[in-house]
Amino acid sequence: MQGNKALILTASFGNGHMQVAKTIEQEFIRQGIEHVVVSNLFAESYPRMNQMTEYMYLKSYSIGQPLYHLFYHGIEKIYDKKFMNWSYYFGKKRLTDLLIKEKPNMIIYTFPMIGVPQFLSRHGMSIPTFSILTDYCLHKIWIQPYIDQYYVATSDLKQQMTHAGVPETNIRVTGIPIRHAFEQVIPPSSIYKKYHISPQKPVILIIAGAHGVLKDIKTICKTLIHEHVQLVVVCGNNETLRVKLQALATQFPERLRVFGYVERIDELFRIATLIVTKPGGITLTEAAAMGGPLILYRPTPGQERENALYFSKKGGAIIAENIDECHMYIHRLLRNEEALLDMKYAVRSLHHPHAASNVVRHMLQLASEKQVKTLLS
């Protein structure tokens with residue numbers, strides 16, 4: 001293991017890409033590789049432009065939905081060799097600095113780094129390059145030349161990639177890597193006690209996302225507050241939302257629990273009867289690991305709607321387009337234990353255990369088999 005150096009390139013558009021990057025970093029360390037560098041390449045190269053892009057991404061959950069829909073599908077239409085040649089210059093200086101300073105013998109993407117593979121090829125470098133897809137759908141920009149191995153969530157996604165021209169041997173179905181905590185076995189009794197939640201009533205877990213962007217949460221809570229359920233809301237980093245909901249929780253302390261960012265979110269997944277959330281790739285993967293039936297509320301256009309449609313098709317989730325539908329589905333499922341169990345089984349069937357350890361182990365194996373040639377060779 002000594003001598004291995006990993007460079008992980010990611011982006012902060014949504015929390016999922018960064019989260020997978022951190023998960024892979026921690027797994028490398030667990031497997032004895034201590035020299036790991038995570039780079040948010042676009043943000044480090046163009047901080048102001050990155051801030052603007054992140055802002056536009058967050059607006060895709062509200063007024064910017066039509067614009068994001070146009071961007072997401074428009075990129076696929078113009079993505080060709082000319083586009084890749086143009087993108088070759090993105091982050092070139094920062095990437096060069098990283099390669100010279102860190103001298104990695106493997107590069108991992110948790111975001112489609114357009115132009116980076118071409119950069120390596122043009123400079124005569126031969127560094128094992130791996131790409132981890134963080135959603136359950138395929139966007140064309142993930143497919144690039146000079147990628148040694150792709151790691152994907154499902155066999156369906158692998159089939160889509162082979163149809164798009166990627167050699168089957170270059171695609172490995174591993175599941176999306178999630179934190180090690182989701183592989184642990186924890187007795188539910190200790191979790192109920194820790195969070196002051198009763199095991200006697202159904203638990204509806206509402207996850208707003210890392211940035212707290214899920215719509216209509218307060219209205220959903222008001223709609224459900226008088227039902228025979230316990231509502232547990234995770235607001236992420238949205239402090240404004242947390243404060244608003246805490247005022248409601250003060251009125252109904254036995255029925256509503258409100259949290260900001262929760263590091264051990266796996267614990268709440270374990271006791272959830274139903275999960276209401278947005279369909280980010282990581283959240284869906286974490287729910288699958290815990291067997292949590294999902295109601296996916298008003299998915300945004302692009303990868304999240306594609307994710308939602310996939311989980312719905314597989315029977316592990318229901319898509320609710322408005323508050324009335326959300327309330328109806330929750331009410332219906334809580335009264336139909338068989339349907340709830342069917343959803344639990346369906347969502348659990350989408351889980352690939354130990355994805356992070358399997359991905360890192362395979363990367364190390366491939367890296368050991370390939371002769372590395374860097375800028376300094």
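Start with the side chains of Arg 264 and Gln 184, which are joined by a polar contact of 3.1 Å. Keep in mind that this is a predicted model. The side chain of Arg 264 also makes a polar contact with the side chain of Asp 266, at 2.8 Å.

So where does Arg 264 sit? Look in the loop between strand E9 (256-259) and helix H12 (265-271). Set aside the neighbours within four places in sequence, and Arg 264 is in contact with Ala 181, Gln 184, Ile 186 and Tyr 195. Another residue to check from here is Phe 182: Arg 264 and Phe 182 are 82 residues apart in sequence, yet their C-alpha atoms are 9.2 Å apart in space. As for solvent, Arg 264 has a relative accessible area of 26%, so it counts as partly exposed, since that value falls between the 20% and 50% cut-offs.

Now for some backbone angles. His 196 is a residue other than glycine with a positive phi, near 55°. You'll find His 196 in the loop between helix H9 (188-195) and strand E7 (203-207). Is His 196 buried or exposed? Its relative accessibility is 64%, so His 196 counts as exposed, because the cut-off for that is over 50%.

Arg 298 is another non-glycine residue with a positive phi, this one near 45°. Arg 298 lies in the loop between strand E11 (294-297) and helix H14 (303-313). With a relative accessible area of 31%, Arg 298 is partly exposed.

Technical notes
Residues numbered from 1 in each chain as written. Predicted model: local features only at pLDDT ≥ 70, side-chain atom pairs only at ≥ 80, totals over all residues. Heavy atoms only, no water. Helix = DSSP H or I, 4+ residues; strand = E, 2+ residues; numbered from the N terminus. Buried < 20%, exposed > 50% of the residue type's maximum accessible area, 1.4 Å probe, protein only. Contact = heavy atoms within 4.5 Å. Polar contact = N/O pair within 3.5 Å; in protein donor to acceptor, adjacent residues only side chain to side chain.
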